[in-house]
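Please read the following briefing alongside the sequence and the coordinates. It is arranged by topic.

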Amino acid sequence: MMTTDFNPFSLNGKTILIVGASSGIGQATAIACSKLGANVIALGRNEDRLIETMKSMTNTNDSIHRYIIADILNTEDINKLVSEVPSIDGLMLSAGRGLTLPMQYATRDKFEEIFNINFFSQVELLRLFYKKKKLIRNSSVVLLSSLGGTKIFSGSNGIYGASKAALNSIMKFCAKEFATRKVRVNSICPGMIDTPLIHRGTITEEQLQDDMKNYPLKRYGRPEDVAYLAIYLLSDAASWITGQDFIIDGGLSIK
Amino acid sequence: MKIEEFIENFADQFDETDASEINASTNFRDLEEWSSLIALSIIAMVDEEYDVTLKGDDIKDANTVEDLFNTIVSKK
């Protein structure tokens, strides 16, 4: 009996653009997508790190991977990017920054710094890719949101959390509007994932170790944990799912 | 940058602790009200007032208010 070919999660022949592919969750997703047969376009600011991502990718069949250096805070870069990129079957928006700051110090400047990258630049990319019809029929968009700001409200991450809550809200509006072209839009809300974003130094490594104990599964997430959920949402296996925010948190939110 | 002014800004992060309880030689972690949120407030205050980015470890490595003041001066 032939069973080896069965893989509803295959990304074979799909072109998938990963924004924020030079580190963390975006990087892990780019690598995993390549292993499932996708043609990956890895986008980031840092060429050296993008090349590292490229080296870890696998070539299956006749897949072609490429990378694009762009700063998504720069309007020129965005316009160039949108005209350069071919039609895509999948878009993962995973560029972002973290900030831990008590609310009494959360000035408008600080809000703008975080919202510009975590919210406005993501929404602008999504808008343009849809408007310019780069997102083809039946394509899938995955936004990287967070548990913080949507389900948990601790750790003085107010600005960061609000930016992710805004992203989750826009995700639903886009899902509804983009359904006319059968473009699906979903988001992933992870708990703490072991990436450079959480090792910023504001919180000490000891405090992180302590915090880990709050998770029922007793560890922080790995970038791959999130990548595999992203892959599911990018694949045709999820073709009836849109407008949803998926929690992936080692059980933290049920505590 | 004056230490008197820093002590005042430092004490300002507390709600229950009277400013008179805090001076240069105070071991701030021994204060009953000390918490991780106050530590974050101090990092934020130092960023706002002195344009210096402290790490969590800078707070951890300091014992007294003066230690922390010296760390900020060295990072200026």
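Predicted model: local features only at pLDDT ≥ 70, side-chain atom pairs only at ≥ 80, totals over all residues.

Residues are numbered from 1 along each chain as its sequence is written, and chains are lettered from A and ligands numbered from 1 in the order in which they are written. Chain A comes to seven helices and seven strands, whereas chain B has four helices and zero strands. Helices (H or I, at least four residues) and strands (E, at least two) are DSSP runs, numbered from the N terminus.

**Chain A as a whole**

- Along the sequence, the elements of chain A follow the pattern β-α-β-α-β-α-β-α-β-α-β-α-α-β.
- The radius of gyration of chain A is 18 Å, close to the 18 Å that the globule rule gives for 255 residues, so chain A is as compact as a globular protein of that length. The radius is taken over C-alpha atoms, and the globule rule is 2.2 Å times the number of residues to the power 0.38.
- Taken along the principal axes, the C-alpha atoms of chain A fill a box of roughly 55 × 50 × 40 Å.
- Of the 255 residues in chain A, 44% are buried. A residue counts as buried if 20 or more other C-beta atoms lie within 10 Å of its own, as exposed if 12 or fewer do, and as partly exposed in between, with C-beta atoms placed from the backbone.
- Among contacts in chain A with a separation of 6 or more, 75% are between residues 24 or more positions apart. Two residues are in contact if their C-beta atoms, placed from the backbone, lie within 7 Å.

**Chain B as a whole**

- Chain B reads α-α-α-α along its sequence.
- Its radius of gyration is 11 Å, close to the 11 Å that the globule rule gives for 76 residues, so chain B is as compact as a globular protein of that length.
- The C-alpha atoms of chain B fill a box of roughly 30 × 25 × 20 Å along the principal axes.
- Buried residues account for 28% of the 76 residues in chain B.
- Of the contacts in chain B between residues at least 6 apart in sequence, 54% join residues at least 24 apart.

**The sheet of chain A**

- Seven strands of chain A form an open sheet in the order β3-β2-β1-β4-β5-β6-β7, with parallel pairing. Two strands pair if DSSP finds at least two bridges between them.
- The edge strands are β3 (66-69) and β7 (245-248) of chain A, each of which pairs on one side only.
- On average, neighbouring strands of this sheet are turned by 20° against each other, direction ignored. Axes are lines fitted to C-alpha atoms, for helices over the stretch in contact, and angles run from 0 to 180 degrees between N-to-C directions.
- Helix α2 (residues 47-56) of chain A packs on the sheet and touches β2 (39-44) and β3 of chain A, its direction making about 160° with that of β2(A).

- Five of the five residues of strand β1 (residues 15-19) of chain A are buried, so β1(A) is largely enclosed by the rest of the structure.
- Both faces of β1(A) are covered, with T15(A), L17(A) and V19(A) buried on one side and I16(A) and I18(A) buried on the other.
- Five bridges join β1(A) to β2(A), and the two run parallel; I18(A) stands opposite A42(A) in β2(A).
- The β-α-β crossover from β1(A) through helix α1 (residues 24-35) of chain A to β2(A) is right-handed. That is, with the strands pointing away from the viewer, the path from the first strand over the helix to the second runs clockwise.
- Four bridges in the parallel sense pair β1(A) with strand β4 (residues 88-93) of chain A, where L93(A) is the bridge partner of V19(A).

**Strands β5 and β6**

- Strand β5 (residues 135-144) of chain A runs parallel to strand β6 (residues 184-190) of chain A, joined by five bridges.
- L143(A) stands opposite S187(A) in β6(A).

**Contact between the chains**

- In chain A, 10 residues are in contact with 11 residues of chain B.
- The side of chain A that touches chain B has four nonpolar, six polar and no charged residues. Ala, Val, Leu, Ile, Met, Phe, Trp, Tyr, Cys and Pro count as nonpolar, Asp, Glu, Lys and Arg as charged, and the others, Gly among them, as polar.

**Positive phi values**

- Most residues other than glycine have a negative phi.
- N138(A), found in strand β5 of chain A, has a positive phi near 70° and is exposed, with 12 other C-beta atoms within 10 Å.
- K218(A) lies in the loop between α6 (205-212) and α7 (223-234) of chain A; its phi is positive at about 55°, and K218(A) is exposed, with 10 other C-beta atoms within 10 Å.
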